[in-house]
Amino acid sequence: MARKVRLRFVVLAEPRISRTQMLDDMRAVYGTAGIAVEVVGESSMTAPLLEDLEAGKCSGKITTSEQDELFAERAGAGATELVIYFVRTTIPPYNGCAAHPPNAPGAVVAAIASQWTLGHEVGHVLGLGHVDDNTRLMTGNGTSEIVGVPALTPEEVELASRSPFFLEG
Amino acid sequence: MEKSTVAKLLAAEEPDYDKLAGMGAEAIEPLRALARSDDPAAASKAAYVLSLIGGDDAIDGLSDAASSDVPEVRAAVAAGVRNLTTATAGHADAAGGRRKALAEAPADKVERLVAKLLADPDPGVRRVALKSLDADIAAAMKHEISELRDNDEDETLRKIAEDVLPRDA
């Protein structure tokens, strides 16, 4: 499999559904679409003030000062690696949030996340938007509403392939 | 409004809280039920929406949720305190705005809720509650805040409390 995304996990709080489960489920979706998911590192981070993270409206590239502070900690990630921060909660409560500062690509996953949240948020970072279809990973109706293993469509894979974080070879 | 309808609206990965707040008073009963549910994601989001809608019945729902066994739910209630403490008219601004709930609910009921959160066994819940206080409610909670400032086991929390209520104030 030549196409891949590379992730680095930074753990402030463990999610209720294990990271292993989320990663396995993400790989099931992305693998079916011909995309490998590599985890190039995992580390823990002690930052009590950021465990319950102010996430604002979680839209576009607008971030809060707390998101800026958190995403500044890249744990040695390269420019094309996505850093996934596992926090306890976001304020207000989201399952996850893909808003990130420029030049610090990544996403936040909260403890209340579903099994598909990790893959969904990475999809946002790769440039994918919401769809109104609960058989697809990028459903805007909530990944907890997904039945079965959701899909990434060829059109979504094509769109994601234009992302600088979608690696070939 | 049906509980199932509200639950679907809350299921979104990144809910639009401004839109959810617009459900208004007719959503309070289903939100209260969802805030008591065994689903931490639904309960957290429901509690936060209750804080945005405000009013006496919503405060009762928040008080129930503040007794949840799930710290993420209690953290969502603590985050919602920011929506309760300033008597600003107009539509809720979910990502940090203020709302007129205090004006619509008995102040003593809000203060009991805040006191409960400031005494929560989870330091993160206490931190979020403390950070969510505005000047009016902080003035009413001097005893509780000074207790945190002087005696809390959590160092970061003592510092936040000191910022909110300096010793020489």
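In which loop of chain A is Pro92(A) found? The model before you is a predicted one, and in it Pro92(A) sits in the loop between β5 (89-91) and β6 (96-97) of chain A. The peptide bond that joins Ile91(A) to Pro92(A) is cis, with omega at about 0°.

Cys58(A) is not a glycine, yet its phi is positive, near 50°. Cys58(A) belongs to the loop between β3 (52-54) and α3 (65-71) of chain A. Is Cys58(A) buried or exposed? Cys58(A) counts as buried, because its relative accessibility is 14% and the cut-off for that class is under 20%.

Asn103(A), likewise not a glycine, has a positive phi of about 65°. Asn103(A) is placed in the loop between β6 and β7 (106-110) of chain A. Its relative accessible area is 78%, and Asn103(A) is therefore classed as exposed, the threshold being over 50%.

I turn now to chain B and a pair of helices. What are the angle and the axis distance at which α3 and α4 of chain B pack? Helix α3(B), residues 28-35, and helix α4(B), residues 40-53, pack at an angle of about 145°, and their axes are 7 Å apart. The crossing of α3(B) past α4(B) is left-handed. On the α3(B) side, the residues in contact are Ile28(B), Leu31(B), Arg32(B), Leu34(B) and Ala35(B). Their counterparts in α4(B) include Ala42(B), Ala43(B), Ala46(B), Val49(B), Leu50(B) and Ile53(B). By class, this contact of α3(B) with α4(B) comprises 11 nonpolar residues, 1 charged residue and no polar ones.

Finally, I come to the interface of the two chains. How many residues does each chain bring to the contact? Chain A contributes 32 residues and chain B contributes 31 residues. Together, chain A and chain B bury about 2,300 Å², of which 55% lies on carbon and sulfur atoms. The rule finds 6 salt bridges across this interface of chain A and chain B. Arg88(A) forms a salt bridge with Asp122(B), and the closest N and O atoms of that pair are 2.7 Å apart.

Thank you for your attention.

Definitions and conventions:
Residues numbered from 1 in each chain as written. Chains lettered and ligands numbered in written order. Predicted model: local features only at pLDDT ≥ 70, side-chain atom pairs only at ≥ 80, totals over all residues. Heavy atoms only, no water. Axes fitted to C-alpha atoms, helices over the stretch in contact; angles between N-to-C directions. Helix = DSSP H or I, 4+ residues; strand = E, 2+ residues; numbered from the N terminus. Left-handed = near helix turned anticlockwise from the far one by under 90°. Contact = heavy atoms within 4.5 Å. Nonpolar A, V, L, I, M, F, W, Y, C, P; charged D, E, K, R; others polar. Buried < 20%, exposed > 50% of the residue type's maximum accessible area, 1.4 Å probe, protein only. Buried area = accessible area lost by both parts, 1.4 Å probe. Salt bridge = Lys/Arg side-chain N within 4 Å of Asp/Glu carboxyl O.
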